[in-house]
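Here's a quick briefing to go with the model on your screen. Have the sequence open alongside it as you read.

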Amino acid sequence: MEQKEFAIQEITFTQTTNRHFTSGKYYLILLISKGECYFEFENGFSYCNTETAIFLKPDQKISMNYHHNKYPLELLSIR
């Protein structure tokens, strides 16, 4: 039986930042575990906050905008 591998990365932002995410050749799931931010898609912006999940298909790109506020932004990146 073939064994499937995946990677989970916890990412924390405490300062205002813009970050680009690329899924590569596999799917990418971004789960916001704490905080709020905006994601820029091909067709506009989307406000996201705690417990929002973003699914990217292979070879898809997305931009995230986080503006520093009272709480840091914490994401889980699952590939």
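What follows covers the overall build, then a handful of residues worth a look.

This is a predicted model, so a few ground rules from the source apply: local features need pLDDT of at least 70, side-chain atom pairs count only at pLDDT 80 or more, and totals for chains, interfaces and linings use all residues. Residues are numbered from 1 along each chain as its sequence is written, and side-chain values use heavy atoms, with hydrogens and water left out.

**Overall build**

- The protein has eight strands and zero helices, where helices (H or I, at least four residues) and strands (E, at least two) are DSSP runs numbered from the N terminus.
- Starting at the N terminus, the elements read β-β-β-β-β-β-β-β.
- The C-alpha trace spans about 50 × 25 × 20 Å along its principal axes.
- Of the 79 residues, 28% are buried; that label means under 20% relative accessible area, with exposed over 50% and partly exposed in between (1.4 Å probe, protein chains only).
- Take the contacts (heavy atoms within 4.5 Å) between residues at least 6 apart in sequence: 69% of them join residues at least 24 apart.
- The accessible surface comes to about 5,900 Å², and carbon and sulfur atoms account for 50% of that; areas come from the Shrake-Rupley method with a 1.4 Å probe, and for residues only the protein chains shown count as cover.

**S23, in a loop**

- S23 sits in the loop between β2 (17-22) and β3 (28-34).
- S23 counts as buried because its relative accessibility is 1%.
- A polar atom of the S23 side chain lies 2.9 Å from the backbone nitrogen of Q60.
- Setting aside neighbours within four places in sequence, S23 is in contact with L28, L56, K57, P58, D59, Q60 and R79.

- A disulfide is a covalent bond between the sulfur atoms of two cysteines.
- Counting a disulfide as a pair of cysteine sulfur atoms within 2.5 Å, the total here is zero.
- C37 is in no disulfide, and the nearest cysteine sulfur, that of C48, is 5.4 Å away.
- Likewise, C48 is in no disulfide, its nearest cysteine sulfur being that of C37 at 5.4 Å.
- C37 is buried, with a relative accessible area of 2%, and C48 counts as buried at 2% relative accessibility.

**F45 and N49, in strand β5**

- F45 lies in β5 (residues 44-49) and counts as exposed, at 57% relative accessibility.
- Y38, F45 and Y47 make a nonpolar surface patch of about 350 Å².
- Patches are made of residues with over 30% relative accessible area and no salt bridge, joining like charges within 9 Å and nonpolar side chains (Val, Leu, Ile, Met, Phe, Trp, Tyr) within 5 Å; a salt bridge is a side-chain nitrogen of Lys or Arg within 4 Å of a carboxyl oxygen of Asp or Glu.
- Leaving out neighbours within four places in sequence, N49 is in contact with I32, G35 and E36.

**T12, in strand β1**

- T12 belongs to β1 (residues 8-13), and T12 counts as partly exposed at 44% relative accessibility.
- Not counting residues up to four places away in sequence, T12 touches P72, L73 and E74.
- T12 and S23 are 11 residues apart along the chain, and their C-alpha atoms are separated by 19 Å.

Conventions
A polar contact is a pair of N or O atoms within 3.5 Å; within protein, one must be able to donate a hydrogen and the other to accept it, and residues adjacent in sequence count only if both atoms are side-chain atoms.
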